[in-house]
Amino acid sequence: MITMKPPKARSIPNLNIKELITKEKFMALDQETLNQLLDTITKFVDKRLRPLESQVGLEDRIPEEVIEEMKALGLFGLTIPEEYDGLGLNMTEEVAVAQAFGHTSPAFRSIFGTNVGIGSQSLIIDGTEEQKRKYLPKMATGEIIGSFCLTEPDAGSDAAAVKTSAKKAGDHYTISGTKRFITNAPKANLFTVFARTDLSETGSRGVSAFLIDADTKGISLGKPYRKMGQQGTYVCDVIFDDVLVHQDNLIGGKENVGFKTAMKVLDKGRLHISAISIGVAERLIEDSLNYAMERKQFGNAIVEFQLIQAMLADSQTDCYAAKCMVQDTARRRDEGENVAALAASCKLFATEMVGRVADRAVQIHGGAGYVEDYGIERFYRDVRLFRIYEGTSEIQRTVIAKDMIKQAGGG
Ligand code: COS
């Protein structure tokens, strides 16, 4: 049997990522500092996380000490602005980091991923100064884990159909409803909850966003889901039963604009997921190439066979195309462009791309790709989710086509 090459032993610098960065406010990192940051993350991924992939897959949990190391490294605060004690990475920097993190099981990223993305961004994009000061510094250290509660039993792709209600009486809202498939809910301290404040409206216009502490009376959690892949990520339902929330926790202090907040958050999240998809694809291409160079059949390494070469070349080309798209869209977003449709294109292409790459990786590995020992089948299951969450491929196509029609003066 061919044995997998263990990851190269490298030492992780005893360094908090924040100590690397002496960044001028609102300025991008200089290339050398960004390279150092990426190097630190790559070492952490290679040396610390990759050896744990199989264990995490089997035990369906991330070891607590690893979560603590992630906190110490500063990973929970990657995108939280510096004035709230985060690193304040811009989109270009964030996708570079996400890509580097994609080289290991997606579950590792997921534990801090909500603080970097959907669990903090509603607050960052639309929160009041007071709300930011109250929560963001603790989110940056990982003391608070944030979670995004949009999806419901009857509101998935049709996100504007949320039924969770927020009825106002005096200076409080009473919130009731069920949120479904909520990532990191079992670990969360703070929920961003989308609920209907205007009960006479059935569409997007009656929805508001709230910050709700997880220990508020009336909140209960469903059983953690058993999933096809991404073992080690924590997902369950969250039930709100007459939960009393002070009006100060309405994001931005404005009612009925929550749907737009959610959409802005998802534009950014979709780019992040695209970058993770690229990282996983790079990992699978590397594993496939290594295997094909070692594995011998018909007296030759299988990499000598053109049908294997074709699969490797198609994966490499697919991955490169996704990388160009994501880098371009991230740059445009940093320059202030509205990238909703481009982010949808990136998510559509990059997540479908990694599905193709994972499928070819199984094929190149043959029987070794189908058994647990090599980890390829785990990635194959893990990447399936990328085409579903933060908007399915079908929803991305809808967003792109709607934008095309709008640009052409129709709709
Ligand atoms: N940024 C800012 N505003 C946006 C926006 C964006 N990216 N996308 C839509 N909006 C605004 C629209 O401009 C519109 O505003 P007005 O009411 O002022 O005209 C409003 O939001 C409603 O937009 P639209 O009519 O396009 O909403 P739809 O109900 O048709 O829904 C889709 C649009 C399907 C794209 C949306 O529901 C969606 O993204 N669904 C998928 C949800 C998802 O990703 N779920 C995963 C959960 S998180 S793991």
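Predicted model: local features only at pLDDT ≥ 70, side-chain atom pairs only at ≥ 80, totals over all residues.
I will start with the ligand. It is surrounded by 21 residues, and the closest are S157, K260, D267, R270 and K402. By type, the shell around the ligand divides into nine nonpolar, five polar and seven charged residues.

Now some individual distances. In D267, a side-chain N or O atom is 2.9 Å from a nitrogen atom of the ligand. For K402, an N or O atom of the side chain is 2.9 Å from an oxygen atom of the ligand. R205 has a polar side-chain atom 3.0 Å from a ligand oxygen. Taken alone, the ligand exposes 1000 Å², and the protein buries 69% of that.

Which elements give two or more residues to this shell? They are helix 9, residues 258-294, and helix 14, residues 393-407. Helix 9 gives the most, with seven residues.

Next, helix 4, which covers residues 64-73. Buried here are V66, I67, M70 and L73. These four sit on the same side of helix 4, because they cover an arc of only 120° around the axis. Just after the helix comes G74, with a positive phi of about 100°.

Last, the cysteines. C319 is buried, with a relative accessible area of 3%, while C324 is partly exposed, at 36%.

How values were computed:
Residues numbered from 1 in each chain as written. Heavy atoms only, no water. Buried < 20%, exposed > 50% of the residue type's maximum accessible area, 1.4 Å probe, protein only. Arc of directions from axis to C-beta. Near = heavy atom within 4 Å. Polar contact = N/O pair within 3.5 Å; in protein donor to acceptor, adjacent residues only side chain to side chain. Areas by Shrake-Rupley, 256 points an atom, 1.4 Å probe, with all protein chains shown as cover. Nonpolar A, V, L, I, M, F, W, Y, C, P; charged D, E, K, R; others polar.
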